Amino acid sequence: MEYIGDVFYEYGGGLYANITNKCPDRCEFCIRYMVDSLGGADSLWLRREPTMDEIMELLDEWDLNRFEELVFCGYGEPTERLEELIATAKHAKSVCPSLKVRLNTNGLSDLINGRDTLPELSQVLDRISVSLNAKGPEEYLALCHPRFGIGAYDAMLDFTRRAKECIPDVTMSVVSGSIPYQDIEPCRRIAEEDIGVKFRVR
Ligand code: SF4
């Protein structure tokens, strides 16, 4: 297979899956607009989207027993390739049952796929980290420019609330430096008190 970019890469002790460059957001702080790669990757910009077969073939090149976690994260929103994400996670767990699977997401999977995607996601995910990014819909719209418009923020909160019911470990995060310092505490309250999940400042 020709090199199309790094679909899998090693980072901080985890194996990261970069299965798509598609994303419905255009966050002003997005690292993909600043650097071309992270960790052990050469380029996270994919020359084209990998097929399901290519993803599986590339995954099989790695010794999964070396890793504690498989993390879906990259220069795109992983749930844009929901079917491939689920199949990849299932395959990885069948090869290495002790492997934990985490999804780093913008929480817009249901809007992207036009249905409730948590029944499928919860079958394979041990952990999920949802980017909260802002203290309200208007701030989110101004910072992340979702193609779904102002309703994206509430959809993301609703997704996370339901994720808490079916995925063991749920975190919401904000990026320090991308939001006003005084907005961090309101974001923490939304995550910890309103939604009832962990909160992390990245
Ligand atoms: S959701 Fe993630 S990948 Fe998409 S623009 Fe925002 S930071 Fe970048």
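Colleague: Why does Glu 185 count as partly exposed?

Modeller: This is a predicted model, and in it Glu 185 has a relative accessibility of 35%. Buried means under 20% and exposed means over 50%. The value of 35% lies in between, so Glu 185 is called partly exposed.

Colleague: What makes the contact between Arg 188 and Glu 185 a salt bridge?

Modeller: The closest N and O atoms of Arg 188 and Glu 185 are 2.6 Å apart. The cut-off is a side-chain nitrogen of Lys or Arg within 4 Å of a carboxyl oxygen of Asp or Glu. The distance of 2.6 Å meets that limit, so the pair is called a salt bridge. In general, side chains of opposite charge can pair when their charged atoms come close.

Colleague: How do you know that Arg 188 and Glu 185 are separated by about one helical turn?

Modeller: Both residues belong to helix α7, which covers residues 184-195. They are three residues apart in that helix, and therefore about one helical turn separates them.

Colleague: Is Arg 188 buried or partly exposed?

Modeller: Arg 188 has 22% relative accessibility. Buried would need a value under 20%, so Arg 188 counts as partly exposed.

Colleague: Which residue meets Arg 189 in a salt bridge?

Modeller: Arg 189 pairs with Glu 185, at 3.7 Å from N to O. The limit is within 4 Å, so this pair also qualifies. Arg 189 and Glu 185 are four residues apart in helix α7, about one turn of the helix. The relative accessible area of Arg 189 is 37%, so this residue is partly exposed.

Colleague: Which residues are linked in a network of salt bridges?

Modeller: The network links Glu 185, Arg 188, Arg 189, Glu 192 and Glu 193. Across the whole structure, the search finds 20 salt bridges.

Colleague: Why is Glu 84 called buried?

Modeller: Glu 84 has 13% relative accessibility. Buried means under 20%, so Glu 84 falls in that class. Arg 81 is buried as well, because its relative accessible area is 8%. A salt bridge joins Glu 84 and Arg 81, with 3.1 Å between the closest N and O atoms.

Colleague: What surrounds the ligand?

Modeller: Around the ligand are Cys 23, Asp 25, Arg 26, Cys 27, Cys 30, Gly 76 and Asn 106. By class, this shell has three nonpolar, two polar and two charged residues.

Colleague: Which pocket is the space taken by the ligand?

Modeller: The ligand takes the space of the largest pocket. This pocket has a volume of about 740 Å³. It is lined by 30 residues, and the closest to its centre are Ile 31, Cys 73, Gly 74, Ser 131 and Arg 202. The lining divides into 14 nonpolar, nine polar and seven charged residues.

Colleague: Which strand supplies the largest share of that lining?

Modeller: β4 does, with three residues of the lining of the largest pocket. The strands β1 (8-11), β4 (100-105) and β5 (127-131) each supply at least two.

Colleague: What is the volume of the second largest pocket?

Modeller: The volume of the second largest pocket is about 210 Å³. Of its 14 lining residues, the closest to its centre are Gly 5, Asp 6, Val 7, Phe 8 and Leu 58. β1 gives the largest share of the lining of this second pocket, three residues. By class, its lining has eight nonpolar, two polar and four charged residues.

Note on methods
Residues are numbered from 1 along each chain as its sequence is written. This is a predicted model: local features need pLDDT of at least 70, side-chain atom pairs count only at pLDDT 80 or more; totals for chains, interfaces and linings use all residues. Side-chain values use heavy atoms; hydrogens and water are left out. A residue is near a molecule or strand if one of its heavy atoms lies within 4 Å of it. On a 1 Å grid over the protein atoms alone, a cavity is a set of points where a 1.4 Å probe fits but cannot get out, and a pocket is an open set with protein on both sides within 12 Å along at least five of seven lines; lining residues have an atom within 4 Å of a point. A molecule sits in a cavity or pocket if more than half of its atoms lie within 2 Å of its grid points. Ala, Val, Leu, Ile, Met, Phe, Trp, Tyr, Cys and Pro count as nonpolar, Asp, Glu, Lys and Arg as charged, and the others, Gly among them, as polar. Grid points are joined across faces, edges and corners, and a volume is the space filled by probe spheres set on the points. Buried means under 20% relative accessible area, exposed over 50%, partly exposed in between (1.4 Å probe, protein chains only).
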